[in-house]
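Please read the points alongside the sequence and the coordinates.

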Amino acid sequence: MMRAMSATSPKVIAIDGPAASGKSTVAKELAHRLKVTFISTGSMYRAVTWWVLESGVTPSDTEGVVELLESTEIRCGQENQIGTVAIGSSEVLGPEQLSATAVNDHVSTVAAIPEVRARLVAEQRRYAQESGIVMEGRDIGSVVFPDTPYKFFITASEEVRQARREAQGIMDKISERDQKDKSRKASPLVIPEDAIVIDTSELGIEQVVQRVLEEIEKIS
Ligand code: CDP
């Protein structure tokens with residue numbers, strides 16, 4: 001089962017799901033085993049949010065955010081097959097910036113802006129032109145790569161998700177974020193019709209990774 005992707009192997013594995021569902025950990029491990037690049041699109045929305053706050057723009061000021069981004073360079077790259085983001089005058093951002101409480105609090109507001117999404121979706125599609133990828137987010141199977149046959153929706157009960165985030169020692173109002181992500185007009189969080197849904201409430205990471213690998217084998 002542990003094999004690198006060949007020319008006939010999947011190019012894009014899409015992993016979506018709500019906050020703190022474990023999708024990031026699963027996606028990262030999966031990419032590692034398949035020897036492809038791991039991209040967290042949440043990090044890209046987080047990077048933009050960090051820059052908005054850093055620049056003193058109010059996240060709910062849509063015009064202000066759009067205007068700021070027009071004059072901002074966003075550099076999406078990869079290091080050791082893991083996606084990286086640098087924005088404006090910043091270096092590659094790390095967890096200290098991307099998981100800051102203020103970023104958690106405002107990321108769903110910034111991510112609801114269609115112009116922000118269009119800009120980042122273009123970057124996300126560019127990654128797939130370079131190499132095989134496991135990409136995780138909210139709209140990867142529904143909007144970014146609707147044609148990939150490899151679509152997974154990783155979820156868990158709200159209690160389990162809240163507990164997982166707290167165990168990381170991170171302040172994060174995940175139910176508020178989920179509500180915003182599901183109810184926004186632009187690319188809301190939905191379960192793609194053709195996605196394989198995995199509830200991880202009672203599963204460990206390894207079990208979920210195995211399950212996804214089995215499904216990929218079946219589809220391939
Ligand atoms: O930390 P967690 O896994 O819950 O979230 P994340 O994947 O880092 O995403 C942070 C936020 O970015 C989400 O709550 C969404 O508002 C936004 N996001 C999005 O709108 N679309 C994506 N493809 C990925 C993230």
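1. The buried residues of helix α2 are Thr41, Ser43, Met44, Tyr45, Arg46, Ala47, Val48, Thr49, Trp50, Trp51 and Val52; buried means under 20% relative accessible area, exposed over 50%, and partly exposed in between, with a 1.4 Å probe and protein chains only. Helix α2 is thus described as mostly covered, with 11 of its 14 residues buried. Helices (H or I, at least four residues) and strands (E, at least two) are DSSP runs, numbered from the N terminus.

2. The model is predicted: local features need pLDDT of at least 70, side-chain atom pairs count only at pLDDT 80 or more, and totals for chains, interfaces and linings use all residues. Residues are numbered from 1 along each chain as its sequence is written, and side-chain values use heavy atoms, with hydrogens and water left out.

3. Helix α2 covers residues 41-54 and reaches 20 Å from its first C-alpha to its last, close to the 20 Å expected at 1.5 Å a residue; the expected span is 1.5 Å times one less than the number of residues. After α2 comes Gly56, with a positive phi near 75°.

4. The axes of α2 and helix α5 (residues 101-111) come within 8 Å and cross at roughly 105°. Axes are lines fitted to C-alpha atoms, for helices over the stretch in contact, and angles run from 0 to 180 degrees between N-to-C directions. On the α2 side the contact (heavy atoms within 4.5 Å) is made by Tyr45, Arg46, Val48, Thr49, Trp50 and Leu53. On the α5 side the residues are Ala102, Val103, Asn104, His106, Val107, Val110 and Ala111. By class, this contact has 9 nonpolar, 3 polar and 1 charged residues; Ala, Val, Leu, Ile, Met, Phe, Trp, Tyr, Cys and Pro count as nonpolar, Asp, Glu, Lys and Arg as charged, and the others, Gly among them, as polar.

5. Glu123 is placed in helix α6 (residues 114-130). At 14% relative accessibility, Glu123 counts as buried.

6. Helix α1 (residues 23-34) packs against helix α10 (residues 205-219) at about 55°, with the axes 10 Å apart. The two helices are therefore oblique to each other. The contact involves Thr25, Val26, Glu29, Leu30, Arg33 and Leu34 of α1, and, from α10, residues including Ile205, Val208, Val212 and Ile216. By class, the contact of α1 with α10 has 9 nonpolar, 2 polar and 3 charged residues.

7. Helix α8 (residues 158-167) and helix α9 (residues 174-183) pack at about 120°, with their axes 10 Å apart, and are therefore oblique to each other. Glu158, Arg161, Gln162 and Arg165 in α8 meet Ile174, Ser175, Arg177 and Asp178 in α9. This contact has 1 nonpolar, 2 polar and 5 charged residues.

8. Thr155 lies in strand β6 (residues 151-155) and is buried, with a relative accessible area of 18%. Thr155 and Ile198 are 43 residues apart in sequence and 6.2 Å apart in space, C-alpha to C-alpha. Leaving aside neighbours within four places in sequence, Thr155 is in contact with Pro18, Ser21, Val197, Ile198, Asp199, Thr200 and Ser201.

9. Thr200 is found in the loop between β7 (196-199) and α10, and is buried at a relative accessible area of 3%. Among its contacts, with neighbours within four places in sequence left aside, are Ser21, Thr155, Arg164 and Val208. Thr200 and Glu214 are 14 residues apart in sequence and 16 Å apart in space, C-alpha to C-alpha.

10. Two backbone positions deserve a check. Most residues other than glycine have a negative phi. Asn80, although not a glycine, has a positive phi of about 50°; Asn80 is found in the loop between β3 (74-79) and β4 (82-87) and is exposed, with a relative accessible area of 77%. Ser187, likewise not a glycine, has a positive phi of about 45°. Ser187 lies in the loop between α9 and β7 and counts as buried at 19% relative accessibility.

How values were computed: Angles under 35 degrees count as roughly parallel, over 145 as roughly antiparallel, 65 to 115 as roughly perpendicular and the rest as oblique.
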